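These notebook entries record what I looked up, one topic at a time.

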Amino acid sequence: MRDVAVISVAQTPARRRVEEVNEVEMLMPAVHGALGQVDMTIDDIGFTCSGSTDYLAGVGFSFVSTLDAVGPWPPIQESHVEMDGAWAFYEAWVKLQLGEIDTALVYSYAKSSPGDLPMVLTRQLDPITVGPLWPDSISLAALQARALLEAGKVTEEQMAEVAARSRRAALDNPNAQLAWDRPASELLTEEHLVAPLRRSDCPPITDGAAAMVLAAADAARERVDRPAWIRGIDHRIEPIHLGHRDLTVSASARLAGEKAGVADGPVDVAELHAPFTHQELILRDALGLADDTVVNPSGGALAANPMMTAGLIRIGEVATRISAGTAARGVAHATSGPCLQQNLVCVLEGEG
Amino acid sequence: MAKERVAVVGIGQTKHQATRGDVSVAGLVREAASRALADAQMTWTDVDAVVVGKAPDFFEGVMMPELLLADALGATGKPLFRVHTAGSVGGSTALVASQLVQAGIHQRVLAVAFEKQSESEAMWALSLPIPFTPPLHAGAGGYFAPHIRSYIRRSGAPDHIGTMVALKDRQNGCLNPYAHLHEPDISFESIQESMMLWDPIRYAETCPSSDGACAVVLGAESVADAAAAEGRPPAWIQGTAMRSEPTLSAERDTVLPLGGALCAADVYRQAGITDPRRDIDCVEMYVPFSWFEPMWLENLGFAAPGEGWKMVEDGVTALDGDLPVNMSGGVLCTNPIGASGMLRFGEAAMQVRGGAGEHQVDGARRAVGHAYGGGSQFFAMWVVGAEKP
């Protein structure tokens, strides 16, 4: 495959509620931040791809207004996915493989604050058999956690350790929304929110946006000292119905990880899109991560969970560490759908 | 690096109608996908990846419905991708799928596009309530009527051009068993007498609201060669392009959008076409309101600006004309919005495979599929041919 790298990453500070600006205005600092870091404008970009969902914006074709602000004049090559920005990133990588363009802009964004997010997400479910029951996203995750506990695969103590470690790591992340230092033992004294999940096992609700610039081969090398090269990327899906899956494993993440080549070398850092604590434990197992891999140094989705964007940010967090030279090889993961239905895995490396 | 060759090796569509009350959304997409796989002589397990496209999720009331449809589309354990580029999405979906083969990532990709508009009220869903902006129009026709009015003023086209296009497309639609509208008794007079909806667009000059789906199977060169060897001709993709421009920009010309012209120039360059009127045998273009046929004939380089309506008047775009346009009956006969672009792309491929039945253009060797969306700002095109590029 053609060498393609992430050469710049920008994100907006994650916040529970961004009320003073609209979605378009919220996104713009991320887009201009990513372009500005590498002294580029939209005119220097060969292909633009974005990820967002009309259901959170509350209006059809919501991405159209955002594209207007990006400034597609003269007309540009552009596409949009109704998916997390990690899949827009995938489409940009595919486009760069064709060898006709050398640079791409990827962005995604969402405001979850105007609605009741766990209720909105029930609209993803089968509209005939499941949706009418309005099973919210936290309750579905709790079913998964219960299955894991009863299978003896994890303990509530392990889940609390993930919660504590993630929020402690987030203290070093200026973009994080939820950061604190409390021991796991203290978290275990909390009441359950939806048993067996405690509030600390759940992600915050976040408004936010992210953007990045990709470049191929020499176009990357001439713009930055240390591009974060994409060495493998793959995504896989499973049926949405929970009864059709073994919720205690992630067959699709395992397969995507194999195809992306996670096991081809040591993994210094992994950013896993695990909105709930027990899901990090499933994903570590599915991707075969070693004990010495640093997982979610940003705090992960437990510290900031902007919909449609938290997956793209995982790629950005790994790329940033590789470009900074603090990691040589890393794995980024994105998920979509209830209980880790769909998963994308990307392996990134520094030069040589 | 060189792109891999890719061809359409299977095409399927549903029977389109106002309400497909006999199937769920999953049943609808499966109907089209099953037919495309049967046409390609493949089964679900032969497919490497699935790409799904549709317009706004509000139309069916399911958020990101590809998650729900993964099971019905046999995507378990496979990559499944969802495209949404407004009205051009059916075309964009086929292009995103073709890139997966061109990049050498997959050998066989299933692309599916759909809309089940009976689940909601499409006209009001398309009347976007943009916050802090006064509502200016009711339905897409209200948005596009001023563009058409401007075209008529600039070109001096006579009033009956829109009626002629509508008559041709509805008559073509009678030859297409899958078309939503079958109106054998339609006449020039009945169209002119139909209600004026959005002046100058009459009721009979506008598209219906349909339930429907379309699917294409894209195969790598070895897959297409094998199909050809078994007597199933592939439609080779000779050029693909997408362009986007802003909704609100003072530089725009919505009658002759620069994005559309650049998109056409890009696909023609890839296909080695220097004179599209001479080098292309037939065209399926996205014409939701009849007047868009002469407008797009000019935008896509088949006529000089201001001259497109003369091709209509002279019968050039009729099924037996020199450059047949919308042989299937087009969007004017069938409009499940998310699928409409792929239906255009699929018809172009059917023509060069010689499989279009009663609406087949004799000797079609090279055809264009075209889709547009948003406020005439998103464009997707491909050129397909019987010859390997």
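At what angle do helix α7 and helix α11 of chain A pack? Before answering, I note that the model is predicted.

**Entry 1: two helices of chain A**

I looked up α7 (residues 156-169) and α11 (residues 277-287) of chain A and found that they pack at an angle of about 100 degrees, with their axes 8 Å apart. Angles of 65 to 115 degrees count as roughly perpendicular, so α7(A) is roughly perpendicular to α11(A). I then listed the residues that meet: α7(A) supplies Gln158(A), Met159(A), Val162(A) and Ala163(A), and α11(A) supplies Thr277(A), His278(A), Glu280(A) and Leu281(A). By type, the residues of this contact are four nonpolar, three polar and one charged.

**Entry 2: where the chains touch**

I next examined the contact between the chains, in which 47 residues of chain A meet 49 residues of chain B. On the chain A side, α2 (54-57), α3 (62-70), β3 (78-81), α4 (85-97), β8 (228-237) and α10 (251-260) each supply at least two residues. The largest share of that side, five residues, comes from α4(A).

**Entry 3: a helix of chain B**

Just after α3(B) comes Gly104(B), with a positive phi of about 80 degrees.

**Entry 4: the nonpolar core**

I recalled that nonpolar side chains tend to be buried together in soluble globular proteins. The largest nonpolar core here has 255 residues. Those with the most contacts inside this core are Val106(A), Leu214(A), Ala111(B), Val112(B), Val216(B) and Val384(B). I followed up Val216(B): with neighbours within four places in sequence left aside, its contacts include Val8(B), Ile11(B), Ala94(B), Ala111(B), Met342(B) and Phe345(B).

**Entry 5: a serine in a loop**

Is Ser298(A) buried or exposed? I counted 25 C-beta neighbours inside 10 Å, and a residue is buried at 20 or more, so Ser298(A) counts as buried. Ser298(A) lies in the loop between β10 (294-295) and α12 (310-324) of chain A. Beyond its neighbours within four places in sequence, Ser298(A) is in contact with residues including Ala169(A), Asn173(A), Glu271(A) and Glu317(A). I also compared Ser298(A) with Arg198(A), 100 residues away along the chain; their C-alpha atoms are separated by 21 Å.

**Entry 6: backbone details**

I looked for cis peptide bonds and noted one from Ala195(A) to Pro196(A), with omega near 5 degrees. Pro196(A) is in the loop between β5 (192-194) and β6 (197-198) of chain A. In chain B, a cis bond joins Asp199(B) and Pro200(B), with omega about 10 degrees. Pro200(B) sits in the loop between β5 (196-198) and β6 (201-202) of chain B.

I finished with positive phi values outside glycine. Trp134(A) has phi near 50 degrees, and with 12 C-beta neighbours inside 10 Å it counts as exposed. Gln41(B) has a positive phi of about 55 degrees, and with 14 such neighbours inside 10 Å Gln41(B) counts as partly exposed.

Key
Residues are numbered from 1 along each chain as its sequence is written. Chains are lettered from A and ligands numbered from 1 in the order in which they are written. This is a predicted model: local features need pLDDT of at least 70, side-chain atom pairs count only at pLDDT 80 or more; totals for chains, interfaces and linings use all residues. Two residues are in contact if their C-beta atoms, placed from the backbone, lie within 7 Å. Helices (H or I, at least four residues) and strands (E, at least two) are DSSP runs, numbered from the N terminus. A nonpolar core is a set of buried Ala, Val, Leu, Ile, Met, Phe, Trp, Tyr and Cys residues joined through C-beta atoms within 7 Å. Axes are lines fitted to C-alpha atoms, for helices over the stretch in contact, and angles run from 0 to 180 degrees between N-to-C directions. Angles under 35 degrees count as roughly parallel, over 145 as roughly antiparallel, 65 to 115 as roughly perpendicular and the rest as oblique. Ala, Val, Leu, Ile, Met, Phe, Trp, Tyr, Cys and Pro count as nonpolar, Asp, Glu, Lys and Arg as charged, and the others, Gly among them, as polar.
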